[in-house]
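Please keep the sequence and the model in view while reading.

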Amino acid sequence: MNFLNNSYMNKIKLLKKVFWLPCVLLLIGLNASAQNTATVTGTVMNEKGELLPGVTVKATGAGSKESFTTATNDKGLFVFSKLKEGTNYTLTASYVGYDNNNSTVVSATQGGNNSVLIRLQPSNNALNEVVVIGYGTQKRETVTGAITTVRAKDFNTGQINDPVALLSGKVAGLNVSNSSRSDPSATVDFSLRGPSTLGSNSQPLIVIDGVPGGNLQSIAPNDIASIDVLKDGSAASIYGSRATGGVIIVTTKRGRAGAVQVNYSGYVTTSSIAKKYDVLNAQQYVKFGQDNNFSVDNAGANTNWLDAVTRTPISHSHNLSLSGGTDKTTYYASLNYRNLQGIDLKNDREFASGTFRLNTKAFNDKVDFGIIIENAYDNRNYGNSGALAQTLNMNPTYPVKNPDGTFYERFDIPYGLQWNPVASIEHTTNNDKIKTLSATANVGYHIIPSLTAGVSYSLNKIDDLSGYYVSREDFFQINNGTGGTASRSENNYTHTVLETTLGYDKNFGDHHLNAVAGYGYEDEFSEGFSAGNNSFLTDAFLYYNIGAGNALNNLSPTANRGGVFEGSYGSKSTLLSYFGRIIYDYKQRYLLNLSIRREGSSRLGANNKWGDFPGVSAGWILNKENFLANSNVIKNLKLRAGYGITGNLGVLEPYKSLSTIGAFYGGTQSGYFGTPDNGTWILPYGPEINPNPNLRWETKSEINIGLDYALLNGGWLNGSIDVYDRKIKNLLGHYSAQQPSYIFPDIFANAGEMENKGIELAVNARLISKRDLTWNVTLTGAYNKNEVIAISNDQFFSSAILATRYSEDAFTQILAPGQPLAVFYGPRFASITKNGKFMFYNSQNKAVPASEITPSDYTYLGNSIPKYSYGFTNTFTYKHFDASILIKGAAGFKAVNAKRIFHENWSYYTRYNLFTSAINNKLKDNPQFSSYYVEDGSYLKIDNITIGYTIPLKSLYIKNIHVYATGANLLTLTGFSGVDPEMQINYYGQDPNSETDFGPSEEPAFSYYPATRVFTFGVDVNF
């Protein structure tokens, strides 16, 4: 314990030194000599003659390594005030979207005419843009992997609760489902190039400012400068064991040398329900019952239950940033505050964060130092999706409240099916208070100009305090006699990363070599505790006095112990890495990229602690060959191919390979200790799982062949095509174990294989590029075919695994060899008889009653994950106006609206309300999933429309004001009967203790959060 304390104190001391160091370096940078200096001034304009603020200008001395950097002010002016007199300097300017191939030579003389003009031209293509590739950057022209970059100017606008939503429709092959836009605590579901595992999510690894495993929820979207998506195995293999799902690299904003830049961004948002289920109103409900001889329970009201539990939410967000610096030291600081409301009555989120980033040079520019500190506070009151789903079940003739103001409840209805959802929301408190601290410090030392050593240390700490309370007056508390239920939990997560690198970059004539080697150490530690109690005498305490409940200490065998528990946990894992990469090109024409990462994890079995993850890719720039050099059509043409191996560690929790012990909570193995007249029952401990020393990573091997092109004058038509084939082996999951020799019938093991094949297309076109009018178009499209090859091996065998279910033992999806992941599975619908009974086809293709159907008659009913996805973005500018339109969609998949199973069935009239679609279908049978409920899930959406205007100003203090309005999820064209065909796209594995467990493209029967249209009005002000 003393060792742990000393280690912790050493980390604190290290952080203190880290924070003091930039201050010292800043003072050093300010002590430059002013003797024998001259001033050079200048102006930077674009191709239209407009002054450009914020342009980075670099002055490099002739015959020396000395250089200075500054930036233009709001009038496009720059000043170098401390150049050496009599020295010739080469001035170069760089600005996003403009060609960097410009240079002007000026001689620095005192009192001379040193004013220069630099005119920038738009970049004809993106070949010179810098791409973040992991542990370094590379020019787009020489990239050999499948990498897509999205800059901040191209992000989706509006209310963004999850930064991944910034990319929706922007990256070919990246499927982003943002179905709960108005739930401020919801995250988007996303995957890259299809599913990559059976037992967990397929989401890519998130890397933030070079730190793997980052928490996107703690970052304000306004602070993100760019996002690079590493799609293929050769590009992602540098991240080894966590990159099977691909890699998303987030780069945050940095300060620029020059005058202080102040920016304010803010918006106000509201939303409305895009589509409502058409349930029977009170008049229709009564008439339907009377017309069909049901016993009608008419309480005399006419209640729209969905309206009763929802509101018109008003949300607002504010972001203030400050940046600037000198040629030696730059800084960026920001404050973000968001107050977001959900569509239901108590769902809201308050988020506040602060960020500080400092980069500085010292010791004659031999040392680069940077720190990043981010602190965020997130207070979430969660929505009640169960109560929202109950609005579809409620009898519309029931009132919300009684005449005396109390909630109307019906305890006499069988099975407790008619409980008041408005009361449930009022009686339930469910929140999280999350504190996040992220700190990164990095130092680079230029040993020689071509050789740089670097070290970085990162700390990410998340403290999550949650509370849950259900009032004594709640329907189920009264019905079950639990008298109020409270629970409290605290979960703490700490992630530290230490990485050292040695980088080499040098030109040898026509040869260019870039190499990096490194070592990484990562440590993850999680701990927490939780407790729950019931039987409270008052609601006054909420969850702040759990001990006030009477049930926790009531040991009577007849005591109601629902929601009564106490526990704690702790887990730790470590990951060691050795990695290296070589990038070579000859005349920037023939390209080669080699990488390897070797990793060892404490989570793996004793026999498989280490794994190797190599990657290789090559490229050939054909337009630099003589046979294309003078082409009037082909301006850029690059052929590339790559192969890489990556792993998946996320599905493997700590200690899964070991024989852990725990208490036997089932009660059947309790023991009696003592004499017959003086003893006690004890809770024994024993093994919990079967050990598996052979546990290893899931591994993916992927081949990718790609083509990048730019055509016609100025390369105004450009894009890329990629074809890939990826195979995932050693799939992790729960499999049957032989008894004996295993203790338990279940074991966590590697078995099975899966494959994804696909094509991706990206097209960019500058259709109009005039002074007052521009029109740019971007089209992304992807095709992915997924197939489960096997779910067993020689040791652990399984022919199929039931995957998801809409109610207890009522399954809808299955994992089976030869089929896509989570394929729909069940009987084939034939007809509905005159008396409202199901008829299904048996294995002989004969229509028979449901009673004669067995599982042997079931068949595969369609894949649940889209095969096709696309995005179509149009951006326009006209003088001071700008606009963008994003259309996106998906096709080639089936979807299930599980609510139809109950709400279109007459036999449920006395239990639930029905959809109006039930009036004419006359189904009156026991609920049964079949192809009758499997629908085409294809859709096309007008997903985002933004219109903006930049107000022209002549002010000393305000550079510009940009106002805009955004509408999101405005129109959906689909044949799907549910509220939104854009649903979950990952399979997360079945929870065996859950009554229901829904999968991809399946709208659950007992959970509901409405899809909404979101309207945003915002302003950006640059001071």
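## Basis of the description

Helices (H or I, at least four residues) and strands (E, at least two) are DSSP runs, numbered here from the N terminus. The model is a predicted one.

Strand 13 spans residues 205–208 and contains Val 207. Is this residue buried or exposed? Val 207 counts as buried because its relative accessibility is 0%, and the limit for burial is under 20%.

Leaving out residues up to four places away in sequence, Val 207 touches Pro 212, Tyr 239, Val 247, Ile 248, Ile 249 and Val 250. A distance of 26 Å separates the C-alpha atoms of Val 207 and Lys 656, which are 449 residues apart along the chain.

## The largest nonpolar core

The largest nonpolar core comprises 24 residues. Those with the most contacts inside this core are Tyr 277, Leu 306, Val 309, Leu 388, Tyr 398 and Tyr 1008. Two or more residues each come from helix 4 (305–309), helix 5 (385–393) and helix 6 (421–427). Helix 5 gives the most, with four residues.

Apart from this core lies another, of 22 residues, including Val 150, Val 176, Val 188 and Val 229.

## Helix 5 and Val 309

Helix 5 is mostly covered, with seven of its nine residues buried. The buried residues are Ala 387, Leu 388, Ala 389, Gln 390, Thr 391, Leu 392 and Asn 393. Their cover includes helix 4, helix 6 and helix 8 (900–903).

Beyond its neighbours within four places in sequence, Val 309 is in contact with residues including Leu 388, Thr 391, Pro 421, Val 422 and Ile 425.

How values were computed: Residues are numbered from 1 along each chain as its sequence is written. This is a predicted model: local features need pLDDT of at least 70, side-chain atom pairs count only at pLDDT 80 or more; totals for chains, interfaces and linings use all residues. Side-chain values use heavy atoms; hydrogens and water are left out. Buried means under 20% relative accessible area, exposed over 50%, partly exposed in between (1.4 Å probe, protein chains only). Contact means heavy atoms within 4.5 Å. A nonpolar core is a set of buried Ala, Val, Leu, Ile, Met, Phe, Trp, Tyr and Cys residues joined through side-chain atoms within 4.5 Å.
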